[in-house]
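Subject: Structure handover

Hello,

Here is the structure I said I would pass on. My notes on it follow below.

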Amino acid sequence: MNKIRLFAFGITAVMLAGCSTDETGSQIPGEGTDNKVYMTVSASTDGSPTVIDENYKSTWAAGDRIGLFYDKSEVQAGWILSVTGSTIKNGMYQNLPYLLDEAYDGQMGGTFAITNDLDNDHPGETMPYTGNFYWQTDASTATFYAYYPYTFSGVNGGHMDNVAAFPYTLTTVQGGTLESVAALDLAYGKVTVERGSEEYVEANLNFSMSHMFSVLEFEVTNATGENFTLNGVKMSSAAGIGGSMTVDFTTGSITGAAATSVTASFADGVELTDGETAVVYMVVAPADCSNSTFTVMTSAGSADFTGGKLFEAGKYYYKTLEVTELGGSASAVTVDFEEAELGDETFVGYNPTTYHNVLTGKLLSSLYDGDNSNLEGCMVYDDLLYAENNVSFGSFYTDWVGTFDTWNGFVFSSNNDTEDGTVLNQFSVYSATNGNNKFALAYDGSWWTPTYQNLYGKYDLATFVLEKSGTVRSAKFANTTYTYKTIMATDPNVNYAIKATGYLNGSETATLSVALAKNGTLLTDWTEVDMSGLGVVDKVTFTVDWDNTSSAVKSPEQWLPFYWCIDNVKVEFEE
């Protein structure tokens with residue numbers, strides 16, 4: 001059986017036509033010969049999966065976008081002033097999105113044109129990008145950098161437009177198929193053009209793109225004598241191979257990959273009778289993985305294999321995994337909060353009322369005896385409040401010396417009154433289909449001061465912790481009725497998102513954003529969100545994502561109640 005690599009592919013940005021570039025590929029365990037093949041890469045602006053066919057044919061598809069960078073010391077940004085008026089040059093920002101001309105759908109080479117979507121790319125920019133690149137006075141050459149697939153990384157929110165230090169996240173829980181590999185692939189190219197007689201850059205930019213990741217193919221054979229369901233393959237290495245990382249498009253290098261394991265898993269599993277074989281695909285960041293463990297995960301247990309090698313960028317690797325015996329146990333769990341003991345709790349203060357079917361830290365609170373002067377004389381609960389399947393959720397409560405009851409972090413409820421939009425209904429999820437389903441409900445009170453985090457307690461930020469490290473594969477999110485009704489009554493077009501941050505051994509792994517309201521579209525029921533991009537974690541915290549939340553909700557006074565709901569948290573623990 002011939003096992004081969006993924007080839008680099010050629011494109012042209014602005015006006016492009018490209019062809020494939022061949023490179024010799026490496027193999028595991030080293031048998032077979034190299035053949036020339038092509039990889040199919042397709043994508044869409046909404047992030048739907050891409051496809052690789054069985055012949056590895058590389059083609060572009062409608063909706064594909066590349067990102068473009070340029071050197072501002074060589075080409076200008078801003079305005080050109082003249083006697084006849086002013087001309088907008090290429091705007092002020094980098095990481096410019098170029099969209100494939102649909103005429104090249106299904107072709108190996110294609111033409112890309114600049115797009116200008118200020119709602120989603122470089123939001124709020126007053127000087128939009130145009131594609132009009134004008135030479136700096138003394139520049140004789142200009143270098144441009146392109147990458148695929150295009151990713152907007154919050155330029156306005158933190159200078160994430162550095163071509164030499166671009167933040168990127170390779171999900172550590174992958175789909176296990178060729179389509180999954182294509183969707184996760186990262187490629188880049190650069191081209192230098194000479195200055196001509198025109199004051200603007202006249203040349204077409206013809207990029208030959210090179211792959212930055214390594215693709216692995218595992219051929220798994222059932223030789224146990226019994227039938228089982230193949231759930232996937234996990235690779236564990238001492239080197240970083242996934243998660244959040246920094247990409248340098250000027251050199252084609254990747255550094256700082258945070259995750260040391262990647263799992264390729266099938267959502268519904270693959271049934272294998274004795275003697276049958278299935279193929280699992282994975283994409284990882286290049287690294288020295290000479291001493292790695294490959295775990296085959298099945299419904300009947302797991303099997304470990306050792307080996308590996310130095311994985312290089314843009315190459316394709318093959319490994320056979322013959323399973324003769326199984327051990328271990330299944331590690332995937334779902335936290336659905338149905339074991340939460342809910343009851344009645346009376347809150348006093350600004351809005352005195354008795355809440356039904358809730359669980360907060362109030363009934364477990366005690367007189368504070370710590371060293372935080374803010375909490376002297378208060379009844380306080382600051383601990384893990386609910387645990388299920390080795391996942392624990394923290395909660396913070398205080399009575400502020402008997403003046404009013406308040407909480408932060410997580411509490412629990414089963415209320416789903418979708419009519420009452422007041423704070424008296426703060427514990428309800430906005431879901432007509434919820435029924436008596438129990439769920440966790442979070443609140444972030446950090447909006448009123450940037451120094452708030454952990455000011456009052458350990459769990460005043462919504463936090464859950466894992467008994468041992470693992471991957472949060474997904475969770476369902478929803479708005480509360482209080483938040484939903486407030487947005488609809490005040491500004492239906494507000495943007496509101498929360499940010500999940502993963503941690504492992506005290507170090508941040510990655511972040512991801514969950515939109516609860518965006519440009520007039522609000523979550524109106526439970527929505528499942530892929531959280532595997534956080535990587536392998538032992539703790540996750542949640543806060544308001546200010547990069548994706550309208551600043552207007554804080555001025556002239558904070559009117560948006562920062563609540564949200566979470567349910568069905570799916571976790572896959574490390575074996």
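In these notes, contact means heavy atoms within 4.5 Å. The model is a predicted one, in which local features need pLDDT of at least 70 and side-chain atom pairs count only at pLDDT 80 or more, while totals for chains, interfaces and linings use all residues. Residues are numbered from 1 along each chain as its sequence is written, and side-chain values use heavy atoms, with hydrogens and water left out.

Nonpolar cores

A nonpolar core is a set of buried Ala, Val, Leu, Ile, Met, Phe, Trp, Tyr and Cys residues joined through side-chain atoms within 4.5 Å. Buried means under 20% relative accessible area, exposed means over 50%, and partly exposed lies in between (1.4 Å probe, protein chains only). The largest nonpolar core has 49 residues, and those touching the most other members are Phe393, Phe410, Phe412, Phe464, Phe477, Phe542 and Val569. The element that gives the most to this core is strand E31 (residues 462–478), with six residues. Strands (E, at least two residues) and helices (H or I, at least four) are DSSP runs, numbered from the N terminus. A second, separate core has 27 residues, including Leu216, Ala287, Ala303 and Val323.

Leaving out residues up to four places away in sequence, Phe412 touches Phe337, Ala340, Leu342, Asn357, Val358, Leu359, Leu385, Tyr386, Phe393, Phe439 and Ala440.

Asn357, one of those contacts, has a positive phi of about 55° although it is not a glycine. Asn357 lies in strand E25 (residues 353–359) and is partly exposed, at 36% relative accessibility. Asn389 is another residue other than glycine with a positive phi, near 50°. Asn389 sits in the loop between strand E27 (379–388) and strand E28 (391–398), and its relative accessible area of 37% makes it partly exposed.

Strands and sheets

Two strands pair if DSSP finds at least two bridges between them.

Strand E7 has seven of its eight residues buried. E7 is joined to strand E2 (residues 65–70) by four bridges, running antiparallel, with Phe69 opposite Tyr145 in E7. E7 also pairs with strand E10 (residues 187–194), antiparallel over eight bridges; there, Thr141 stands opposite Glu194 in E10. A cis peptide bond, with omega about 0°, joins Tyr148 and Pro149. Pro149 is in the loop between strand E7 (141–148) and strand E8 (166–170).

Other points

How many disulfides are there? Taking a disulfide as a pair of cysteine sulfur atoms within 2.5 Å, the count is zero. Cys378 is buried, with a relative accessible area of 1%, and Cys565 is buried at 0%.

Lys518 is in strand E33 (residues 507–518) and is partly exposed, at 39% relative accessibility.

Regards
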